[in-house]
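Take a look at the sequence and the structure below. Then read on for a short tour.

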Amino acid sequence: MIDLAPSILASDFAHLADQVERATAGGASLIHVDVMDGHFVPNLTIGPPVVKSLRQATRLPLDCHLMIENPDQYIPDFSDAVADWISVHQEACRHLNRTLNLIKQHNCRAGVVINPATPVETLSEVLEIVDYVLVMSVNPGFGAQKFIPATLHKMTKLAEIRAARGYQYRIEVDGGVGMDTVAEVVRAGAEILVAGNAVFGKGDPKVNAEALLEAARSASLHQV
Ligand code: DX5
Ligand code: ZN
């Protein structure tokens with residue numbers, strides 16, 4: 001099952017509800033919200049108030065990607081704003097098990113994220129408790145960056161570990177996913193596709209989302 005999670009970072013914030021509606025009409029099944037704090041990543045974006053407004057504008061689950069230091073401090077706020085999925089970076093969490101459990105205690109799906117330089121092995125002790133693993137295919141901080149092919153093997157490895165150990169997590173990819181890269185990420189094992197620029201960059205988000213999903217589904221049919 002392939003899910004498309006458009007990242008609103010690339011959208012026109014003055015028309016956010018309309019942009020999300022167009023992407024939803026094109027088949028999006030999650031909305032990806034990039035939260036940046038200017039410390040963990042060199043950029044500032046949005047926080048719980050925007051999630052709260054967005055909650056009124058869509059029925060789709062809100063997938064909040066926290067690129068922030070000390071996420072424990074903000075998890076209750078995102079849960080109150082009614083985030084559905086919350087992911088935190090392995091690199092930002094000193095007590096990763098505690099943070100993931102905190103997300104679950106707030107009745108959200110818990111995800112863990114790894115940067116391009118972080119190996120899958122660093123997640124070995126938490127894979128059993130996470131709902132999803134997000135593999136960054138760019139260094140986080142900005143939209144519209146170039147896809148890093150060296151991250152593909154991590155998606156495959158996560159799929160292999162899941163099959164071998166009988167775990168349930170889903171595999172998400174984020175960064176540089178577009179018409180030129182979507183087939184390879186799906187073939188590598190990604191099931192939840194984050195796409196910012198490819199959906200909201202130019203043209204109609206509905207048409208863009210449809211094209212991406214079609215390419216993803218056909219790559220998944222041709223998987224061996
Ligand atoms: C990068 C963010 C991504 C980004 C994706 O730090 O986590 O979600 O917005 O944008 P594209 O698809 O344009 O690479
Ligand atoms: Zn993201």
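## An aromatic pair between strands

Y132 is buried, with a relative accessible area of 0%. This is a predicted model. W85 also counts as buried, at 6% relative accessibility. Buried here means under 20% relative accessible area.

How many aromatic pairs does the structure hold? There are 2. One of them joins W85 and Y132. Their ring centres lie 4.8 Å apart, with 50° between the planes, and the pair is tilted. W85 sits in strand β4 (residues 85-89) and Y132 in strand β6, so the pair ties together parts that are 47 residues apart in sequence.

## A second aromatic pair

Y167 and Y169 form a pair too. The centres of their rings are 6.3 Å apart and the planes stand at 55°, so this pair is tilted. Are these residues buried or exposed? Both Y167 and Y169 are buried.

A pair of rings is described by two values: the distance of the centres and the angle of the planes.

Strands of a sheet pair through backbone hydrogen bonds, either parallel or antiparallel. Take β7 and β8 as an example. They pair in the parallel sense over 3 bridges. D174 stands opposite V194 in β8.

## A helix across the strands

## Salt bridges

A search of the whole structure finds 6 salt bridges. One of them links R170 and D3, with the closest N and O atoms 2.7 Å apart. R170 lies in strand β7 (residues 170-174) and D3 in strand β1 (residues 3-6), so the pair ties together parts that are 167 residues apart in sequence. D3 is buried, with a relative accessible area of 7%. R170 is partly exposed, at 21%.

K157 forms a salt bridge with E121. Here the closest N and O atoms are 3.0 Å apart. K157 is in helix α5 (residues 152-165), and E121 is in the loop between β5 (109-114) and β6 (132-136), so parts 36 residues apart in sequence are tied together. Both ends are partly exposed: K157 has a relative accessible area of 28%, and E121 has 48%.

Helix α5 holds another partner, R162. This residue forms a salt bridge with E191, the closest N and O atoms being 2.8 Å apart. E191 lies in the loop between α6 (182-188) and β8 (192-195), so this pair ties together parts that are 29 residues apart in sequence. Both E191 and R162 are buried.

## A buried threonine

Where is T99? T99 has its place in helix α4 (residues 96-105). T99 is buried, with a relative accessible area of 2%. Which residues does T99 contact, leaving aside its neighbours within four places in sequence? They are P71, D72, I75, V88 and C93.

Key. Residues are numbered from 1 along each chain as its sequence is written. Chains are lettered from A and ligands numbered from 1 in the order in which they are written. This is a predicted model: local features need pLDDT of at least 70, side-chain atom pairs count only at pLDDT 80 or more; totals for chains, interfaces and linings use all residues. Side-chain values use heavy atoms; hydrogens and water are left out. Helices (H or I, at least four residues) and strands (E, at least two) are DSSP runs, numbered from the N terminus. Buried means under 20% relative accessible area, exposed over 50%, partly exposed in between (1.4 Å probe, protein chains only). Contact means heavy atoms within 4.5 Å. A salt bridge is a side-chain nitrogen of Lys or Arg within 4 Å of a carboxyl oxygen of Asp or Glu. Rings of Phe, Tyr and Trp (its six-membered ring) pair if their centres lie within 6.5 Å; planes under 30 degrees apart count as stacked, over 60 as edge-to-face and the rest as tilted. Two strands pair if DSSP finds at least two bridges between them.
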